[in-house]
Amino acid sequence: GHIRHSIHAPSRTLDRKIPELVRKLKDKETVVFHCALSQQRGPSAALRYIRERERLLGAGAKLESGSGVGQVLKKNTEDKNRKKESRDEDADGEWEDVEEGEKKEQKVYVLDRGFVGWQERFGEDSRLTEGYRKEIWKDGYWM
């Protein structure tokens, strides 16, 4: 199964995918990373994303501890009162360049207990999880 509306980006593809993810997710207020348990690959991917976002959007990102669920990146903007334009998602999947004026605050989290924890709580909820197969998870997760 997978979390509804999520983007699957295997860790082996991150070197290539992270710049694309930063551009695609630049207008999202919150981004959540995870792996099976969110102990290594999920946090590592979140950190890589944060660093690439700062590189592409410029310096000024502030990293703070989250409220027990992971890491939070709060992106400072020069003018918080500036009117923000609403944008429709790119229907054709084309990427746009990030422009200086498009910087916005974004929180980056790591999902507590990863997909293992998610499926225990929300696996059978079809509003939140797609393609869930209970028989795969009935005996728990093992590595």
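**Salt bridges**

I began with charged pairs, and the side chains of Glu-135 and Arg-133 turned out to meet in a salt bridge, with 2.9 Å from N to O. Glu-135 is partly exposed, at a relative accessible area of 45%, and Arg-133 also falls in the partly exposed class, at 46%. I note here that the model I am reading is predicted.

Searching the whole structure, I found eight salt bridges, and I looked up two further pairs in detail. Arg-48 forms one with Asp-15, where the closest N and O atoms lie 2.2 Å apart; this pair links distant parts of the chain, since Arg-48 belongs to helix 2 and Asp-15 to helix 1, 33 residues apart. Arg-48 counts as partly exposed because its relative accessibility is 28%, whereas Asp-15, at 66%, counts as exposed.

The side chains of Glu-124 and Lys-134 also meet in a salt bridge, at 3.7 Å from N to O. I placed Glu-124 in the loop between helix 3 (114-122) and strand 6 (129-130), and Lys-134 in helix 4 (residues 134-137), ten residues apart. Glu-124 is exposed, with a relative accessible area of 61%, while Lys-134 is partly exposed at 49%.

**The chain as a whole**

I then stepped back and counted four helices and six strands in the protein chain, which run β-α-β-α-β-β-β-α-β-α from the N terminus on. Of its 143 residues, 32% count as buried. Among contacts between residues at least 6 apart in sequence, I noted that 67% join residues at least 24 apart.

**Helix 2 and Arg-53**

I looked next at helix 2, which has 17 residues and reaches 24 Å from its first C-alpha to its last, close to the 24 Å expected at 1.5 Å a residue. Its buried residues are Gly-42, Ala-45, Ala-46, Tyr-49, Ile-50, Glu-52, Arg-53 and Leu-57. After the helix comes Gly-58, which has a positive phi, near 100 degrees.

What does the side chain of Arg-53 make a polar contact with? I had asked this because Arg-53 is buried yet has no salt bridge, the nearest side chain of opposite charge being that of Asp-27, 7.4 Å away, and a salt bridge needs the nitrogen within 4 Å of a carboxyl oxygen. The partner I found is the side chain of Gln-106, at 3.5 Å.

The largest nonpolar core has 13 residues, of which Ile-18, Phe-33, Tyr-49 and Val-108 touch the most other members. The elements giving two or more residues to this core are helix 1 (14-24), strand 2 (30-33), helix 2 (41-57) and strand 5 (107-110).

How values were computed:
Residues are numbered from 1 along each chain as its sequence is written. This is a predicted model: local features need pLDDT of at least 70, side-chain atom pairs count only at pLDDT 80 or more; totals for chains, interfaces and linings use all residues. Side-chain values use heavy atoms; hydrogens and water are left out. A nonpolar core is a set of buried Ala, Val, Leu, Ile, Met, Phe, Trp, Tyr and Cys residues joined through side-chain atoms within 4.5 Å. Buried means under 20% relative accessible area, exposed over 50%, partly exposed in between (1.4 Å probe, protein chains only). Lys and Arg count as positive and Asp and Glu as negative; His and the chain ends are not counted. A polar contact is a pair of N or O atoms within 3.5 Å; within protein, one must be able to donate a hydrogen and the other to accept it, and residues adjacent in sequence count only if both atoms are side-chain atoms. The expected span of a helix is 1.5 Å times one less than its number of residues. Contact means heavy atoms within 4.5 Å.
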